[in-house]
Structure formats: C-alpha cells, structure tokens
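Hello,

Here is the structure I promised to pass on. Please open it first, then read my notes below.

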Amino acid sequence: MLSETCCDRAELWLWPGQALYVGPSLELDVHFGAVSCLALGLDGPFTVELQHGFRCRTRTALVPARVRHRIVAEGARMAFCYFDPASERERSCRRRMGGTAELATDHAYEDELARRAALLTGGAPLADVREWLDRAGPDGLGERRDPRVRRATAHMDGPHGRRVAAKDLAAEAGLSVSAFLRLFRAETGTTFRRYRMWARMLRVAELLETWPDLSTAAVEAGFASPSHFSSAFHAMFGLRPSTLFARHTVVRTVGPPEHEPALSSVRPLTRRN
C-alpha cells in the first residue's frame, strides 16, 4: 500500500485531446507514443536519452510523437503532459522552449510550471490545472465552439458515441466529410479519429467507478477487449495502464469546454479482475 505523502500521490487528468500526469517518476524504459509529451522534473533535472545515443540533462523537455526516448529522473516526482502533436497547444509550448525539432528543452516558465505542478495533487481545482496548461502553452481555441462541433462531440462523449462514424456526423452538420473533418480539427485541436480514441479511454475511466471489471468497461467503451484497450493506451502514451494501476493513480476525467467547469468523475485507478 502506498503511503499518503505528497511524494507518493499520483493524479492523471484526462480530457479529449490531452492528458496531464503529476506524481512519482514512472521509471519507463525506452518508448514512444502517438502524442507529444512535455516532461517536467518537479524536484530537479532529469536526463533524456534518445535512441541514437543523444543525451540531454534538463528540467523540461518536449518529446515529439514517435520519437523513441528514455527519461532518467533524478528527483522523486515528475509531471508529464500529453498533447496532440498537431495542436496549437503543442506548437505554442514548443515556441516557449529552446532545443531542436527532435527535442525541445528549457521551457521559458519551467520554474513556475514546477512550482504550480507540485500544488496540483490532492484535489486541486480544475481552474488551477487549466492555468498550468495555458502557461505551458495556450491552446488558441475560442471559449465557444461551433454548434455543429458541439453537437458532434456531445454524440461522441455519450454512452454510444464511441462507435459513431464521421460521415454520419458530417451529414447531421450539413457538411461534406472532408469539410467536417477540417472544421472538427480547427475547433477541437485534434483529429476526429484521435478524439474518438480519447473519448473511449475517458469512458473506460468513467465506467471503472461502478462496473465490476476492466473487461466489461473496455468493451462497453468501444474496445474489442481489455488487451485492445491496453495496446491502444500504450500506443497513445508509451506506457501501459498497468503502470498507472501500480501507482494507485487518481484519475480525473474532464469533458470538453462546454461541459465544464465541473469534473465529470474522480476516482482512484485500481486494478479490477
């Protein structure tokens, strides 16, 4: 059983299109994900090792999607923020950093980000988490979405929306599929396909609060099986859900902006057989 000290707490916020983990270092092996990852050492620097042998010691690093890497933490706690690689938040975060296209480092506000991230565990208000994200990199999205996209995301976030097709939502919006997909990406900061994958993962987290096992939750959320969910999670983030299970991570699922400010659910993420 993990102790209840601040260093042991781990929390994961999940939105459609982004995620933020704050807690103990995950001690991952060499890996890559389908989304970009901003890594931040809360207690001090860490070392990033890229697959071709390049090493960099830094306090902040933005690792692009599909770049194989390993992070060796020196301190006990880390923050990992996952962005859609084509989102404005990812681009604005990169603009606030130095380094190269392969590895951006030294965020302009890294000390402030570390100080604020250390305060986010233990039930911090969602507004504080959003302020942290905007300091890392503003998303550039308006407060109000196009009503056609709001209707589409409402379908996708509903109990049966994880299986909805783009062509059906485009028809409802009165647009061609290509025009709908362009509008969807402009309004949400991520692609339709990836948003649907995020929505399914959020649904698994929501269902684990009351459903008896991961198998039921994964299938109900639109995955073919628990292994399909685990593989999809690993492909997205570069780690498996079991890594978070081991940390007794508290998961906070957050809906799209029009569904805020309330958190849709809060629960410890524990393994269910």
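Let me start with the lining of the second largest pocket: five of its residues are nonpolar, two are polar and four are charged. Keep in mind that this is a predicted model.

Which residues line the second largest pocket? They are Ala34, Thr191, Arg193, Arg194, Arg196, Met197, Arg200, His228, Ala232, Ala235 and Met236. The space inside comes to about 290 Å³. As background, empty space is found by rolling a probe the size of a water molecule over the atoms.

Helix H7 (192–207) and helix H9 (226–237) each supply at least two of its residues. H7 gives the largest share, with five residues.

How do H7 and H9 pack? Their axes lie 11 Å apart, at an angle of about 125°. An angle over 145 degrees would count as roughly antiparallel, and 65 to 115 as roughly perpendicular. The crossing of H7 and H9 is left-handed.

Helix H2 covers residues 110–117, and helix H3 covers residues 126–136. Their axes come within 10 Å and cross at roughly 165°. That angle is over 145 degrees, so H2 is roughly antiparallel to H3. The crossing of H2 and H3 is left-handed.

In general, strands of a sheet pair through backbone hydrogen bonds, either parallel or antiparallel.

How many bridges join strand S4 to S7? There are five, and S4 spans residues 46–50. S4 and S7 run antiparallel. To find the pairing on screen, look at Phe46: it stands opposite Ala73 in S7.

That covers the pocket, the helix pairs and the sheet. Over to you.

Best wishes

How values were computed:
Residues are numbered from 1 along each chain as its sequence is written. This is a predicted model: local features need pLDDT of at least 70, side-chain atom pairs count only at pLDDT 80 or more; totals for chains, interfaces and linings use all residues. Side-chain values use heavy atoms; hydrogens and water are left out. Two strands pair if DSSP finds at least two bridges between them. Helices (H or I, at least four residues) and strands (E, at least two) are DSSP runs, numbered from the N terminus. On a 1 Å grid over the protein atoms alone, a cavity is a set of points where a 1.4 Å probe fits but cannot get out, and a pocket is an open set with protein on both sides within 12 Å along at least five of seven lines; lining residues have an atom within 4 Å of a point. Grid points are joined across faces, edges and corners, and a volume is the space filled by probe spheres set on the points. Ala, Val, Leu, Ile, Met, Phe, Trp, Tyr, Cys and Pro count as nonpolar, Asp, Glu, Lys and Arg as charged, and the others, Gly among them, as polar. Axes are lines fitted to C-alpha atoms, for helices over the stretch in contact, and angles run from 0 to 180 degrees between N-to-C directions. Angles under 35 degrees count as roughly parallel, over 145 as roughly antiparallel, 65 to 115 as roughly perpendicular and the rest as oblique. A crossing is left-handed if the near helix is turned anticlockwise from the far one by less than a right angle, and right-handed if clockwise.
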